[in-house]
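Good morning, colleagues. I would ask you to look at the sequence and the structure together as I speak.

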Amino acid sequence: MAVLSEDETKYVDWPAIFGATAISSASSMLLGAAGVALGLAAVSPWSYDNPSPSAMTAAGAAWFAITALYAGAVGGYVVGRLRKPALDASVDERSNRDGLNALIVWGFGLLLTTFLASSIVASGVGRTATVAAQAAGPVLSESVKASANQAGDFVGYYVDRALRTTTANAPGGAPGQGNDAKSEVARIVTHSIAAGSFSPADRMDLERVVARQTGISEPEAKARVDQMIREANEAYNKTVQTAKETADQARKIAASVTTWFVVVSLLAGILAWFAGIIGGRHRDENLQV
């Protein structure tokens with residue numbers, strides 16, 4: 001009776017697993033790069049007939065599925081062919097061991113893919129957040145909300161309109177006082193919008209400044225201030241609503257992408273299992289005992 005060595009009886013064949021993981025990962029990266037190249041080739045900033053965002057998203061999802069399934073099948077088949085046969089086991093037992101080794105290859109590939117994707121996504125999210133923070137203005141920037149000197153940021157237009165004079169010789173104060181008045185009004189408006197309400201004292205100050213700078217009557221100044229407050233609040237609420245809708249859309253996209261990733265990854269694992277079994281059977285067919 002022949003004595004089997006340890007290499008012929010062990011369940012996990014690490015050299016075969018590492019080799020299959022390398023081949024599977026290389027296949028996945030090459031197909032991924034090909035998908036990126038095809039996507040970039042499909043769109044052009046000079047064309048008015050580019051594919052729609054939904055079509056590009058669907059194509060990207062389909063290409064990811066093809067890439068993941070192909071990589072899982074290749075890794076599973078390769079490890080099944082490379083793994084040393086378990087001569088002490090039945091055909092079913094050898095198939096189970098081949099499938100389990102294929103799952104290990106799939107697991108390593110999934111961890112590697114997740115790590116690379118997380119790094120890329122983290123980098124992209126960091127850059128996007130920086131750009132969004134710069135572009136969102138006072139909605140996302142506390143420094144703009146509490147700005148004491150920048151009348152032209154968020155409420156600048158409404159402040160300027162409230163302080164417009166109706167006649168050429170209307171009082172406007174000494175040179176430089178107009179800008180001081182705009183800054184004062186902007187500080188009050190931005191602070192009150194950030195706080196959520198305008199206090200009676202702030203309204204009185206706004207009416208006083210508008211009346212002094214424009215030379216209009218107190219009722220007219222009050223009407224201008226009311227209009228400025230109403231329109232500034234509407235613009236702020238609209239901007240906040242847009243930011244919330246954008247965040248909600250991003251949440252839905254992230255949920256869909258994650259779900260698709262999980263489903264495709266599980267299917268790739270199942271395919272790797274069966275590919276490992278097939279690879280093991282092809283190995284055994286050519287086995288000479």
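Predicted model: local features only at pLDDT ≥ 70, side-chain atom pairs only at ≥ 80, totals over all residues.

Residues are numbered from 1 along each chain as its sequence is written, and side-chain values use heavy atoms, with hydrogens and water left out.

Helices here are DSSP runs (H or I, at least four residues), numbered from the N terminus. Axes are lines fitted to C-alpha atoms over the stretch in contact, with angles from 0 to 180 degrees between N-to-C directions.

Let us begin with α3, residues 53-82, whose axis lies 6 Å from that of α9 at an angle of about 30 degrees. The two helices are therefore roughly parallel, a term for angles under 35 degrees.

Helix α8 (residues 200-214) meets α9 (residues 218-285) otherwise: their axes come within 9 Å and cross at roughly 120 degrees.

Which residues touch the most other members of the largest nonpolar core? They are Val 185, Val 189, Ile 193, Phe 198 and Leu 206, in a core of 18 residues. Such a core joins buried nonpolar residues through side-chain atoms within 4.5 Å, buried being under 20% relative accessible area with a 1.4 Å probe, protein chains only. Helix α9 gives the most to this core, seven residues. A second, separate core of eight residues includes Ala 16 and Val 105.

Technical notes
Buried < 20%, exposed > 50% of the residue type's maximum accessible area, 1.4 Å probe, protein only. Parallel < 35°, antiparallel > 145°, perpendicular 65-115°, else oblique.
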